[in-house]
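Open the structure in your viewer and keep the selection tool at hand. This tour tells you what to select next and what is there.

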Amino acid sequence: MFNILFIHLNKIVKQLIMENISILAQLVVSTSVIIVWVFRYENIVAEFKHYGLSNLVRNAVGASKIALATLLILGIWYPEFLIPSSLLMASLMVGAQYCHMKVKNPLIKFIPSLVLLFLCVFIAAFKYGLL
């Protein structure tokens, strides 16, 4: 009897821990995107020029990322937003990886978007029930 109770309690605790890690990942992705696209915008302008992308593309990507970051935060209370917003954000991070490869940036430049890509995939996989 206690063994079954312990196993069930253990599963509940693991689920709560994973839920908290997912929320932390949502906050890390959202905060990072907002900081970069709002407070470090000059760097973004220079990077997009370096990639050879237009101002229109830069503004569309920025608006998309800020909107998706907002949806990731809303996903804490409304989980139905999480899978689409995290997968769309992940696709933008894949695009960032492509741009870094295209201009042959050093590997250190790949790390931020790669970390955010992994976090977005983790969020989607957890909410979809794969983890």
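Ala, Val, Leu, Ile, Met, Phe, Trp, Tyr, Cys and Pro count here as nonpolar, Asp, Glu, Lys and Arg as charged, and the others, Gly among them, as polar. This is a predicted model: local features need pLDDT of at least 70, side-chain atom pairs count only at pLDDT 80 or more, and totals for chains, interfaces and linings use all residues. Residues are numbered from 1 along each chain as its sequence is written, and side-chain values use heavy atoms, with hydrogens and water left out.

**Stop 1: the largest pocket**

Go to the largest pocket, with a volume of about 580 Å³. Select Ile 44, Glu 47, Lys 65, His 100 and Ser 113; of the 25 lining residues, these are the closest to the pocket centre. A pocket is an open set of points on a 1 Å grid over the protein atoms alone, where a 1.4 Å probe fits, with protein on both sides within 12 Å along at least five of seven lines; lining residues have an atom within 4 Å of a point. The volume is the space filled by probe spheres set on the points, which are joined across faces, edges and corners.

Now colour the lining by type. It divides into 16 nonpolar, five polar and four charged residues.

Which helices supply at least two residues each of this lining? They are helix 1 (2–39), helix 2 (41–51), helix 3 (55–74), helix 4 (82–102) and helix 5 (107–128). Helix 4 gives the largest share, six residues. Helices here are DSSP runs (H or I, at least four residues), numbered from the N terminus.

**Stop 2: a nonpolar patch**

Select Leu 9, Ile 12, Val 13, Leu 16, Ile 17 and Ile 21. Together they make a nonpolar surface patch of about 520 Å². Such a patch joins nonpolar side chains (Val, Leu, Ile, Met, Phe, Trp, Tyr) within 5 Å, from residues with over 30% relative accessible area and no salt bridge. Areas come from the Shrake-Rupley method with a 1.4 Å probe; for residues, only the protein chains shown count as cover.

Pick out Val 13, in helix 1. Val 13 is partly exposed, at 39% relative accessible area. Buried means under 20%, exposed over 50%, and partly exposed in between.

**Stop 3: the salt bridge**

The structure holds one salt bridge. Select Lys 127 and Glu 19: their side chains meet at 2.7 Å, N to O. Lys 127 is in helix 5 and Glu 19 in helix 1, so the pair ties together parts that are 108 residues apart in sequence. The cut-off is a side-chain nitrogen of Lys or Arg within 4 Å of a carboxyl oxygen of Asp or Glu. Lys 127 is partly exposed at 23%, and Glu 19 is partly exposed at 26%.

**Stop 4**

Most residues other than glycine have a negative phi. Select Lys 104, where phi is positive, near 60°. Lys 104 sits in the loop between helix 4 and helix 5. Is Lys 104 buried or exposed? Lys 104 is exposed, with 72% relative accessibility.

**Stop 5: two distances**

Draw a C-alpha to C-alpha line from Lys 11 to Ser 64: they are 37 Å apart in space and 53 residues apart in sequence. Lys 11 is in helix 1 and is exposed, at 59%.

Ala 125 lies in helix 5 and is buried, at 15%.

Notes:
Patches are made of residues with over 30% relative accessible area and no salt bridge: like charges are joined within 9 Å, nonpolar side chains (Val, Leu, Ile, Met, Phe, Trp, Tyr) within 5 Å. Buried means under 20% relative accessible area, exposed over 50%, partly exposed in between (1.4 Å probe, protein chains only).
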